Structures are given as C-alpha cells and as structure tokens.
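Hi,

Here is the structure I promised to pass on. Have a look at it first, and then read on for what turned up in it.

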Amino acid sequence: QLLKLNDKTKTFLVNNDQSVEFNEGTNTKIKLSKTELDFKYDKYLAAYNTSKSLSFSDGTRKMEFVGTKMEITDGSNKLAVESDATNPSIELTNGSNVMKVNKTEASLVVGTNSLKFVTGNKLKVKYDKYNLDISKDKASYSDGTYSVNLGGDQLLKLNDKTKTFLVNNDQ
C-alpha cells in the first residue's frame, strides 16, 4: 500500500498497483484501478473490467454484459441473448424449462419433454416415453415397446420387443 487513511469504520487506500479503494464497514466498497471498477453498497453490486464485462446485481437479480452476450438472471429464471455474428441466439430458462432459438435449432424443453426444430428440416418430439423424429425423407416413432420407421434405409419397419415387420426399398 502506498497510502492508507482510516478511522474506526472508513478506510481509504492507494495501492501499489495504483488502484484506489474506499471501504466503509463491510457493506460499502468502491475500487477503481486501470483495469476495473467495483462498487458495492449494501446488497447492490456493480463491476466493470477490461475483458469488456459489465455486471449489476441487487442481491436477487443479476444483469451481465460480457462481449457479445447479455444475461439477466432472477433466481432460476434467465434470459440470455448472444449477438455473435456467426451464431446469434436467444435463450429463456425457467428452472428445467428452456426455450432456445439459434441458427441450428428452435426448441422448447419442459422438464424431460421437448419439441425441437433443427437444421435440415427436422422435427423432434419427446414426451414422456414417446419419441417422434421427422425429417425430409424419413420418420420414426418409438415408445419403448413399439417402434415404427418410415423411409431412410427401409421403406417400412414395424417392431415390438418380440417381432419385426420389414419392407425394404428394393421389394
């Protein structure tokens, strides 16, 4: 430390790294340096640093800007927006429920159930034990006991756990 001034509750510091700090008890802090700015007042926090990161928090909610990404978090709820030129995206999360849109998919996940539209004109649906996949030239359904496949390598394939019915494309 180059300089330290304090009384019973307040401290002012000039550090060797040329940063300046002011502290009042444990609830108030301001720190300024060449690479960052940190602010704390009670439960409120704000920070900025040279990695182009800016964040705010009120003790419950948090907003962060890092590079091309912005996130707002409130408990288990989150909104994330990525403005990257090669892969822009938006994602909304509520606990285990997620809605996401980007260049490769648009999806909704509710617990273990999902609905997804993915690149290549594919639709994927999962509900409990039921799975449905549909693409341009084939479709499939399965529920753990029965499965049905249309298109692809086989024209039609039906099976349960003991029997299979198959029609090849060359028949």
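Before the count, the rule: a salt bridge here is a side-chain nitrogen of Lys or Arg within 4 Å of a carboxyl oxygen of Asp or Glu. Going by that, there are five salt bridges. Do keep in mind that this is a predicted model.

Let me take you through some of them. One of the five joins the side chains of Glu36 and Lys31, at 3.9 Å from N to O. Lys31 is buried, because its relative accessible area is 17% and buried means under 20%. Glu36 has 25%, so Glu36 counts as partly exposed. Another salt bridge links Lys69 with Glu71, where the closest N and O atoms are 3.4 Å apart. Here Lys69 is partly exposed, with a relative accessible area of 33%, while Glu71 counts as buried at 18%. There is also one between Asp160 and Lys163, with 3.5 Å between the closest N and O atoms. Lys163 is exposed, its relative accessible area being 55%.

Strand 7 (residues 53–57) runs antiparallel to strand 8 (residues 61–66), and the two pair over five bridges. Across this pair, Ser53 stands opposite Val66 in strand 8. Three residues sit between the two strands of this hairpin, and Gly59 has a positive phi near 95 degrees. Strand 8 also pairs with strand 9 (residues 69–74), again in the antiparallel sense, over six bridges. On that side, Val66 stands opposite Lys69 in strand 9. This second hairpin has two residues between its strands, and Gly67 in the turn takes a positive phi of about 60 degrees.

Now for the surface. Which residues form a nonpolar patch there? They are Leu2, Leu3, Leu5, Phe12, Val20, Ile30, Leu32, Leu37, Phe39, Tyr41, Tyr44 and Tyr48, and together they have about 1100 Å² of accessible area. Strand 1 (3–6), strand 4 (28–32), strand 5 (36–41) and strand 6 (44–49) are the elements that give two or more residues to the patch. Strand 5 has the largest share, with three residues.

Phe39 lies in strand 5 and counts as partly exposed, at 37% relative accessibility. Ile30 belongs to strand 4 and is partly exposed too, with a relative accessible area of 36%. Leaving out residues up to four places away in sequence, Ile30 touches Val20, Glu21, Phe22, Asp38 and Phe39.

Last one: is Asn23 buried or exposed? Asn23, which is in strand 3 (residues 20–24), is buried, with a relative accessible area of 18%. The side chain of Asn23 makes a polar contact with that of Glu21, at 3.5 Å. Asn23 also touches Thr9, Lys10, Thr11, Thr28 and Lys29, again not counting residues up to four places away in sequence.

Happy browsing!

Technical notes:
Residues are numbered from 1 along each chain as its sequence is written. This is a predicted model: local features need pLDDT of at least 70, side-chain atom pairs count only at pLDDT 80 or more; totals for chains, interfaces and linings use all residues. Side-chain values use heavy atoms; hydrogens and water are left out. Patches are made of residues with over 30% relative accessible area and no salt bridge: like charges are joined within 9 Å, nonpolar side chains (Val, Leu, Ile, Met, Phe, Trp, Tyr) within 5 Å. Accessible areas come from the Shrake-Rupley method with a 1.4 Å probe; for residues, only the protein chains shown count as cover. Helices (H or I, at least four residues) and strands (E, at least two) are DSSP runs, numbered from the N terminus. Buried means under 20% relative accessible area, exposed over 50%, partly exposed in between (1.4 Å probe, protein chains only). A polar contact is a pair of N or O atoms within 3.5 Å; within protein, one must be able to donate a hydrogen and the other to accept it, and residues adjacent in sequence count only if both atoms are side-chain atoms. Contact means heavy atoms within 4.5 Å. Two strands pair if DSSP finds at least two bridges between them.
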